[in-house]
Amino acid sequence: LDVYRFDDAAKAIYEFLWNAYCDWYLEIAKVRLNGEDVAEREKVQNILVAVLDGTLRMLHPFAPFISEELWQQLPRRDGEEALIVSAWPTADESRLDEEAEAEMSLVQDAIGAVRNIRGMMSVPPSKRADVFLKVEDEAREQVLDRGRAYVQQLARVERLEIGRDVSRPSASGSQVLPGLEVYVPLEGLIDLGVERQRLEKEMDRLEKALGGLDKKLKNEGFLKNAPAEVVENEKRRETEYKETLEKVKGNLAALSS
């Protein structure tokens, strides 16, 4: 705002509110909000309100009417009657905690990996999966163990095993991250035979499509006469198809291992 980059300021607020607060923290907060610890539940409620209050103050210059309307629904503090005349929030650098952020990023990565595997392997959202997390050191193991409830809640996990000596189960989807390997056994979650057939058909379709693209891109007449943007678009399609084909082959191999 000091250098009049209003677009960047608005984008930063939007990304924080939508991604960090709504997409992640609200979901994570439900674990403690639904718990039996009254003091813990009250603490989380206070955090939710405090962060929303501060975010609406920052959002007010960009979206004055809706931010004022929402802010009026929050508990009043410090005798402030309207958002338009309320104090601008100030940062408290003593609350910055890079270690906590790194630990939470690891938990988020694990949740994201399980979600990706479920999506790629067409696991129904209604089914809870067993998940195995293989870590390379004790520090990661402890962080993920502390975040166990979040992983189970947000990734719809039935049984969660975390350790340095975890082995990959048979017929499992997997994803490898820095210092972490994620495995989701698929037997019982999907019909392995049907999924193999689907993947084989998809692999056949992609290979035929790539064959056609390869033939077209080797045709001197096409390269010479087609507009440059058309040629680039076909090359981009070829790259995308190759990447998708590799993913399909990987998923098929996982079902067969």
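**Group meeting talk: how the helices pack**

Let's start with helix α1, residues 6-33, which packs against helix α2 at an angle of about 170°, with the two axes 11 Å apart. Before I go on, please keep in mind that this is a predicted model. Angles over 145 degrees count as roughly antiparallel, and α1 and α2 are therefore roughly antiparallel to each other.

Who makes this contact? On the α1 side there are Ile-13, Phe-16, Leu-17, Tyr-21, Tyr-25, Leu-26, Ala-29, Arg-32 and Leu-33. From α2 the list includes Val-44, Ile-47, Leu-48, Val-51 and Leu-52, along with Glu-40, Arg-41 and Lys-43. Sorted by class, the contact of α1 with α2 holds 15 nonpolar residues, two polar ones and four charged ones.

Now let's follow α2 to its other partner. Helix α2 covers residues 38-59 and helix α3 covers residues 64-71; their axes come within 9 Å and cross at roughly 155°. So here too we have a pair, α2 and α3, that is roughly antiparallel. If you turn the model on your screen, you can look for the handedness: α2 passes α3 in a left-handed crossing. Asp-53, Leu-56, Arg-57 and Leu-59 of α2 make the contact, together with Ser-67, Leu-70 and Trp-71 of α3. Four of the residues in the contact of α2 with α3 are nonpolar, one is polar and two are charged.

Which of its residues are buried? They are Ser-67, Glu-68 and Trp-71. Because they cover an arc of only 100° around the axis, they sit on the same side of α3. And what covers the buried residues of α3? The cover includes α2.

My last stop is another tryptophan, Trp-88. You will find Trp-88 in the loop between α3 and α4, where α4 is residues 98-120. Leaving aside residues up to four places away in sequence, Trp-88 touches Leu-1, Arg-57, Met-58 and Pro-61. Take Arg-57 as an example: Trp-88 and Arg-57 are 31 residues apart in sequence, yet 6.3 Å apart in space, C-alpha to C-alpha.

Technical notes. Residues numbered from 1 in each chain as written. Predicted model: local features only at pLDDT ≥ 70, side-chain atom pairs only at ≥ 80, totals over all residues. Heavy atoms only, no water. Axes fitted to C-alpha atoms, helices over the stretch in contact; angles between N-to-C directions. Helix = DSSP H or I, 4+ residues; strand = E, 2+ residues; numbered from the N terminus. Parallel < 35°, antiparallel > 145°, perpendicular 65-115°, else oblique. Left-handed = near helix turned anticlockwise from the far one by under 90°. Contact = heavy atoms within 4.5 Å. Nonpolar A, V, L, I, M, F, W, Y, C, P; charged D, E, K, R; others polar. Buried < 20%, exposed > 50% of the residue type's maximum accessible area, 1.4 Å probe, protein only. Arc of directions from axis to C-beta.
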